[in-house]
Amino acid sequence: MNKRKQVTLIRGDITNLAVDAIVNSANKSLLGGGGLDYVIHKKAGMLMKQACIELNKQKGGCPTGQAEVTIAGDLPAQYIIHAVGPRWLDGQHNEADLLCSAYSNALSKADEMKVQTIAFPSISTGVYGFPKQLAGEIAIGTVLSTLPHYSFVGHVLFVVQDSENYQIYQDILSKLVDENLVINIEEI
Ligand code: AR6
């Protein structure tokens with residue numbers, strides 16, 4: 001039997017989720033920074049940090065639009081997928097394609113790790129200043145168009161913290177009609 005895939009919108013703190021993988025809004029060094037990246041590094045602890053230091057040494061970090069996987073250390077998730085979104089400049093620097101790549105590369109890394117449930121923050125919409133409406137359209141569009149192709153990933157959670165992002169994601173998701181997909185929108 002072919003189980004339908006699911007997407008869920010949640011407002012909350014992604015670091016509290018006991019899912020197979022959470023995605024970090026990382027930078028190219030993978031060594032931590034501000035925003036969510038700071039919280040993840042702080043809460044995940046030394047073993048996760050060490051894994052990031054190794055990736056930095058071996059691969060020179062991670063280019064924009066790509067993703068790398070580590071253990072989640074002391075966090076309740078199993079893995080952290082460190083995705084590097086673009087900094088918004090003026091929209092003329094390939095920002096949209098790079099954000100799309102960050103989502104699709106995070107999903108393919110997750111599928112390689114046999115992850116079934118993965119939670120995404122709204123990548124690039126904090127410190128990196130990406131316009132939230134466009135970022136939401138890219139996030140949901142990329143996930144929905146690629147989800148049918150993955151063997152393991154079956155449930156994607158979009159986890160937002162601010163009310164503007166919640167409203168944007170809610171508006172986009174509530175207009176979708178897809179009989180192959182279960183869409184859950186958590187009421188707030
Ligand atoms: N749970 C869910 N979403 C969160 C959480 C949380 N605990 N904390 C923040 N957000 P940001 P970026 C949301 O700034 O824009 C760092 O310095 C937040 O409201 O964390 O991709 C890195 O090292 C926003 O919507 O990441 C990079 O240099 C979204 O997560 C740079 O910032 C992303 O905000 C990356 O910037």
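Trainee: Which residue stands opposite E68 in β4?

Mentor: H82 stands opposite E68 there. Before we go on, this is a predicted model, in which local features need pLDDT of at least 70 and side-chain atom pairs count only at pLDDT 80 or more, while totals for chains, interfaces and linings use all residues. Residues are numbered from 1 along each chain as its sequence is written, and side-chain values use heavy atoms, with hydrogens and water left out.

Trainee: Which strand does E68 lie in?

Mentor: Strands are DSSP runs of E with at least two residues, helices are runs of H or I with at least four residues, and both are numbered from the N terminus. E68 lies in strand β3. Two strands pair if DSSP finds at least two bridges between them. Here β3 and strand β4 (residues 79–84) pair in the antiparallel sense over five bridges.

Trainee: Is E68 buried or exposed?

Mentor: Buried means under 20% relative accessible area, exposed means over 50%, and partly exposed is in between, using a 1.4 Å probe and protein chains only. E68 has 11% relative accessibility, so it counts as buried.

Trainee: What does the side chain of E68 make a polar contact with?

Mentor: A polar contact is a pair of N or O atoms within 3.5 Å; within protein, one must be able to donate a hydrogen and the other to accept it, and residues adjacent in sequence count only if both atoms are side-chain atoms. The partner of E68 is the side chain of K59, at 3.1 Å. Plain contact means heavy atoms within 4.5 Å. Leaving aside neighbours within four places in sequence, E68 has contacts that include L30, L55, I80 and K109.

Trainee: What is the order of the strands in the open sheet?

Mentor: The seven strands run β3-β4-β2-β5-β6-β1-β7, with mixed pairing. At the edges are β3 (67–71) and β7 (181–185), each of which pairs on one side only. For angles, axes are lines fitted to C-alpha atoms, for helices over the stretch in contact, and values run from 0 to 180 degrees between N-to-C directions. Neighbouring strands of this sheet are turned by 20° against each other on average, direction ignored. Helix α2 (residues 46–59) lies across β3 and β4, at about 140° to β3.

Trainee: Why is β2 largely enclosed by the rest of the structure?

Mentor: Because five of its six residues are buried. Six bridges pair β2 with β4 in the parallel sense, with A26 opposite V84. Two bridges join β2 (residues 21–26) to β5, also running parallel, and I22 stands opposite A119 there.

Trainee: Which way do the residues of β5 point?

Mentor: In a regular strand the side chains alternate between the two faces of the sheet. In β5 (residues 117–120), T117 and A119 point one way and I118 and F120 the other, and all are buried. Four bridges join β5 to the parallel strand β6 (residues 155–160). The chain crosses from β5 through helix α4 (residues 132–146) to β6 in a right-handed β-α-β crossover, where right-handed means that, with the strands pointing away from the viewer, the path from the first strand over the helix to the second runs clockwise.
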